[in-house]
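Biologist: I'm new to this one. Could you walk me through how to read it?

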Amino acid sequence: MTSESSDVLHFFLECRTASEVTRLAVCGNWQGWSLASAVNLTYTEDEGNHEGSTTWRSPQLSIPASRMPLRLRFVANGHRSSPNTRPLIWDSRSRVFERLPEDGVIRCEFEPTPDSSDTGWVTADGVGAYQLRVGQPPGSAEALVTLEPSLEHLPDEVEVVLWEAKPNDPAVPQGKVLARVGALSPAGGDGGEHSEGASPSCTFLLNSQSIDALAFRVDVTSKRDGTLLARCYVEPATLQALEGSISAALVTPDLRHAGTFRASFLVVSALPHPANNLGNLQRTRWVPGGSTLDIGHRGSGASKVHGHNVRENTLLSFQKAALNHSEFIEFDVHVTADGECVVFHDFLVPIRLNTEVVRLPICTLTYDQLKSPDFMQWMVSPNEDATNKDALDEEKQRRRSTLQRSMTSAEDLFRSIFKPQFQGGPPGHTGGPMRSSSDGPAEGGPTAAAMDSAAVAAAAATAAANSAVAASRWFLNDRIASLREAFRRTPKWLGFNIELKYPTVMEVAAMRAQFYNRNTFVDAVLRVVLEEGAGRRVIFSTFDPDCATLLSLKQPRYPVLFLTCGGTKLFADPRMNSLEAALQFALASRLQGVVAEVTSVLGRLRECVAEFHRHGLFLYTWGDGNNDFGSYMAQKEAGIDAIIMDDIEKMAKRINKQSSLFNKQLRSPASSAQDLERIVSGIPMGATSHDLERVSSNLNMLSISAISPIGSPAGGGQLSGLSVPPLSLPVGSPPGATATLSLSAAGLGSPRLAAKKASPFVPGLGAANGGPTAG
């Protein structure tokens with residue numbers, strides 16, 4: 001029976017597995033989900049195999065009663081002594097036991113399938129601290145091996161095999177053969193047909209606990225009689241850079257030159273971190289039953305989109321997206337010269353120096369430089385081309401105290417107060433506010449009656465165009481935020497789709513700067529996410545195939561999706577050039593899905609969705625086409641898993657989407673007359689009533705008011721279980737300015753909150769998604 005002493009529960013595990021499992025262990029919430037301290041189960045010969053299965057038993061285990069319910073995962077294979085032939089496999093969902101059985105023995109079955117298990121994690125406690133991946137350069141027509149004509153063998157008449165050069169398994173003293181994924185191109189040895197859009201490729205894999213042990217040799221044998229034709233060795237020094245190209249001379253057994261071995265390589269280094277464990281896994285395959293996610297592009301939308309007034313990829317934009325019904329936001333991440341992860345889209349930051357604009361690579365700047373007041377002052381903002389920029393900036397500065405009253409409704413206040421005064425102006429106009437049409441003609445100017453109809457029409461068209469330009473460039477700016485700030489100063493229920501920006505070879509050349517290698521770049525981002533991401537849903541995406549591979553192999557927790565232009569742009573790497581190639585790459589690399597440019601799927605929506613779902617992959621879309629309501633609805637009806645778009649607010653209004661901001665009712669801190677008076681102080685009398693009404697109607701009686709949340713002192717408040725970001729003033733605020741927080745525009749009691757909908761599918765979270773609850 002279950003033993004209880006001092007609030008500690010004791011139990012045993014008994015698990016039946018398939019006979020091919022060679023090692024079985026278990027980890028769970030009683031031991032911190034650590035693979036290093038996983039408990040090994042044993043197999044007893046006297047009971048033998050039973051109908052093709054094996055029964056494994058654990059020693060006595062214990063869990064504090066306070067940690068119940070018991071959650072556990074089985075882990076198979078992955079033994080250090082045989083890292084190359086024993087891939088690590090684990091339960092993709094935790095097994096939950098609310099109570100222990102009366103006899104104290106928990107009986108389970110472990111039959112790993114693609115739907116119930118996952119594999120591929122590179123870790124020192126599993127398959128090894130390093131994984132070498134060697135293969136043909138993507139898109140290259142060049143064979144791995146080119147032989148001298150004197151050997152009288154055609155490329156398809158030889159076999160290329162890679163071996164361990166430094167064997168470390170006593171059971172295989174000659175060394176293990178490197179595992180091969182895919183087939184060599186016809187020039188490299190193997191023929192075969194390949195699906196349209198997918199390039200033939202072959203990757204050799206070797207796992208090891210050190211880079212020195214990754215050394216390998218290449219044997220080229222004849223398919224005619226199996227004789228050894230040529231051989232070469234690749235030393236560990238060649239692999240120290242962790243990525244690059246290999247060119248090694250082949251020699252015959254009698255030491256004559258026989259040809260050349262050419263390949264690209266990528267070394268995946270393990271990421272040791274306490275939080276990098278098997279707890280709270282969010283990865284899963286696609287399952288039926290989920291609805292379509294609405295994801296805010298770069299927060300509340302890209303700056304280039306007409307009508308957007310908060311600069312993209314800022315905390316202002318993230319908070320605005322949260323109030324505009326986004327379940328997730330998508331944003332871009334770079335790594336600075338001092339290793340800090342920052343949120344920005346482009347590789348280059350434009351700086352205005354006098355009349356010149358200089359573009360500086362983010363990777364050459366420190367975070368202290370990026371967040372300094374001087375840098376923000378001289379950084380070229382999206383409203384640089386506004387026709388009335390000088391007057392606009394002057395008016396924004398004068399009304400700063402008003403804008404500081406509300407971060408989330410600042411755009412509405414700004415437009416309400418300023419739009420009648422700023423209707424744009426003729427090209428080159430940089431003076432004061434232009435008169436609105438309601439002000440009548442300017443003194444000395446012609447009246448409308450004196451103008452002919454053509455002039456009236458021309459003047460109206462010019463005014464409308466100038467107004468559109470001015471309106472589209474009225475931006476509320478915020479400085480560049482760090483990824484840590486994004487985690488700490490946005491609501492935890494807001495999911496993050498983090499896109500890692502890694503440049504192509506041509507982009508690196510254009511930057512004229514040295515960029516981080518991929519391992520260092522990915523590690524920097526993952527460390528922040530592992531340290532700050534507790535309780536938040538996170539998805540990774542990237543256009544770079546090798547970064548996607550590293551993201552998937554360095555951690556087992558978060559889903560990784562491959563971004564593709566779907567053929568709308570062409571790249572040197574064929575994996576990036578079509579939807580079909582992206583699908584094949586995602587399957588080969590065990591990614592969770594693809595994010596495709598929307599025009600590449602619109603003409604065949606249902607076919608594409610069915611194909612991805614048939615393989616258990618998710619299909620997201622991005623692009624300007626997602627801002628069209630017809631395209632948006634067609635994708636929802638076809639079953640697209642997520643739509644990344646700029647016009648989150650507009651789409652929410654069109655479909656009458658209800659607010660789903662909070663799980664708990666909140667007490668408004670602005671529930672007294674004194675609070676209301678404090679909120680409206682500083683707002684012009686004529687605008688107070690109108691502005692508060694506008695804020696109230698726009699946010700459905702719910703307004704979280706704050707200033708730019710970045711740059712504030714450490715620490716923050718907690719309000720009824722909700723993490724509230726600390727409030728601060730934007731850089732350059734006048735002395736004596738104050739920040740307030742309001743959760744009710746009218747200040748009358750608690751806001752009326754709509755019940756939160758069941759969230760659409762988020763990999764690994766929520767029973768409503770048809771997927772398991774994370775452990």
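This is a predicted model: local features need pLDDT of at least 70, side-chain atom pairs count only at pLDDT 80 or more; totals for chains, interfaces and linings use all residues.

Biologist: How many helices and strands are in the chain?

Modeller: Helices (H or I, at least four residues) and strands (E, at least two) are DSSP runs, numbered from the N terminus. Here the chain has 18 helices and 34 strands.

Biologist: What percentage of the residues is buried?

Modeller: Buried means under 20% relative accessible area, with a 1.4 Å probe and protein chains only. Of the 775 residues, 54% are buried.

Biologist: Which residues touch the most other members of the largest nonpolar core?

Modeller: A nonpolar core is a set of buried Ala, Val, Leu, Ile, Met, Phe, Trp, Tyr and Cys residues joined through side-chain atoms within 4.5 Å. The largest has 74 residues, and those touching the most other members include Phe-331, Leu-483 and Phe-521. Helix α11 (residues 518-532) gives this core its largest share, eight residues. A second, separate core has 31 residues, among them Val-134 and Cys-232.

Biologist: And what do the buried residues of α13 pack against?

Modeller: Contact means heavy atoms within 4.5 Å. In α13 (residues 579-588), Leu-579, Leu-583 and Phe-585 are among the buried residues. The buried residues of α13 pack against α12 (545-554), β29 (560-564), β30 (593-597) and α14 (605-614). After α13 comes Arg-590, with a positive phi near 55°.

Key. Residues are numbered from 1 along each chain as its sequence is written. Side-chain values use heavy atoms; hydrogens and water are left out. Buried means under 20% relative accessible area, exposed over 50%, partly exposed in between (1.4 Å probe, protein chains only).
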